[in-house]
Amino acid sequence: MDGRLGDTDAERIAAHTSALRRMDNTHGGASMLYMATAHLATTNTAIKGGTYTEKAGQALFRELGDLAGVVGWAAHDAAHYPQAVKYLTLAVHAARESGDRNLTAHLLQCLARVWGYTGHPQLARDCIALALYGARNTAGPVLRAGLHALDARFAALLGLPREALRAVHIAQEIFTEDSPDPAPAFVSYLDEAELSSTLGEVLLFLARKTYDPQHAQNAIGLLATATDNRAQDRVRSRSFDSVALARAQLFTGQIEAAHATAEQAAAIGTGLDSARVRRRYRDLAREAAAHPDILPARQIHGLLPPGHRLPMPKTSRVRTDARHEASRHGRQLRPGL
């Protein structure tokens with residue numbers, strides 16, 4: 001970029017952001033973080049030092065916000081949480097400067113996910129509330145549904161099951177609304193599979209807390225929908241979907257089904273450089289280890305990459321009656337989203 005910037009430069013940033021987003025989704029954040037960080041620094045310096053019209057400036061800051069959001073998300077996926085907060089905060093400020101309320105709301109929900117993941121669900125919920133308020137007159141049904149789905153997640157983590165269920169129902173209702181406007185690129189991931197995955201994990205969490213079998217069955221239905229409908233190029237999300245479904249099946253005593261789903265999850269996740277995927281594998285390994293006397297559960301443990309396994313308790317007898325064992329051990333599973 002030279003000193004005078006315009007629409008062509010904004011389009012170039014958008015093209016680079018799209019390529020980085022695809023790399024992140026397909027290979028994991030750590031695979032492209034160094035390159036993305038360098039590109040963001042160069043782009044930020046060029047915009048800060050450049051000259052442009054007011055209209056071009058809005059476009060440039062909008063694309064800078066989207067780019068910083070992708071870089072922040074990659075840092076989150078690579079477990080570089082301070083960096084993730086730094087880049088996502090930059091992204092929010094750039095999006096606000098551009099005047100794009102919907103992009104700002106999207107970036108606030110990215111920041112909320114980082115806060116929720118690192119153990120600050122109230123901060124996360126505050127970000128979602130701010131996003132919902134800021135985009136109340138501009139966001140389409142897809143973006144609003146995604147925000148309410150995350151509100152359900154953080155309400156559940158805060159021990160507010162009624163509020164969580166209310167947000168689940170709002171998200172499902174809003175998602176079915178018609179919209180004449182196409183969704184922007186930054187919310188293209190918010191499809192039926194993404195909504196089903198988010199809400200399915202919320203209901204699984206509530207099932208663990210309340211032992212309500214209906215929550216567990218609804219969770220399995222939603223997670224199965226996510227698994228069946230997820231786009232093939234969203235490799236990391238497909239891995240998350242399969243791990244979540246396997247965990248739900250374990251919880252409900254469907255050990256053989258869980259084994260088959262875990263096998264699929266292990267195959268999908270091979271080659272992904274993602275700290276979040278590794279954490280999900282460890283969650284699955286821990287929950288499989290809660291069934292040490294069931295052969296399919298022990299086999300689930302063996303499917304996972306060596307670095308993601310936990311020591312299995314020794315047992316003198318291996319059972320194959322999965323439903324009987326699940327009824328004995330199912331409540332030992334540790335809650336978590």
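These notebook entries record what I looked up on one helix and on several salt bridges.

**Basis.** I worked from a predicted model, in which local features need pLDDT of at least 70, side-chain atom pairs count only at pLDDT 80 or more, and totals for chains, interfaces and linings use all residues. Residues are numbered from 1 along each chain as its sequence is written, and side-chain values use heavy atoms, with hydrogens and water left out.

**Helix H5.** Glycine 119, with a positive phi near 90 degrees, follows H5.

**Salt bridges.** I found 19 in the structure (a side-chain nitrogen of Lys or Arg within 4 Å of a carboxyl oxygen of Asp or Glu).

One of them pairs aspartate 77 with arginine 236, the closest N and O atoms being 2.9 Å apart. Aspartate 77 lies in helix H3 and arginine 236 in helix H11, so the pair ties together parts 159 residues apart in sequence. Both aspartate 77 and arginine 236 are buried.

I then looked up aspartate 283 and arginine 247, which meet in a salt bridge at 3.7 Å, N to O. This pair links helix H13 with helix H11, 36 residues apart. Aspartate 283 counts as buried at 13% relative accessibility, and arginine 247 at 4%.

Note on methods. Helix = DSSP H or I, 4+ residues; strand = E, 2+ residues; numbered from the N terminus. Buried < 20%, exposed > 50% of the residue type's maximum accessible area, 1.4 Å probe, protein only.
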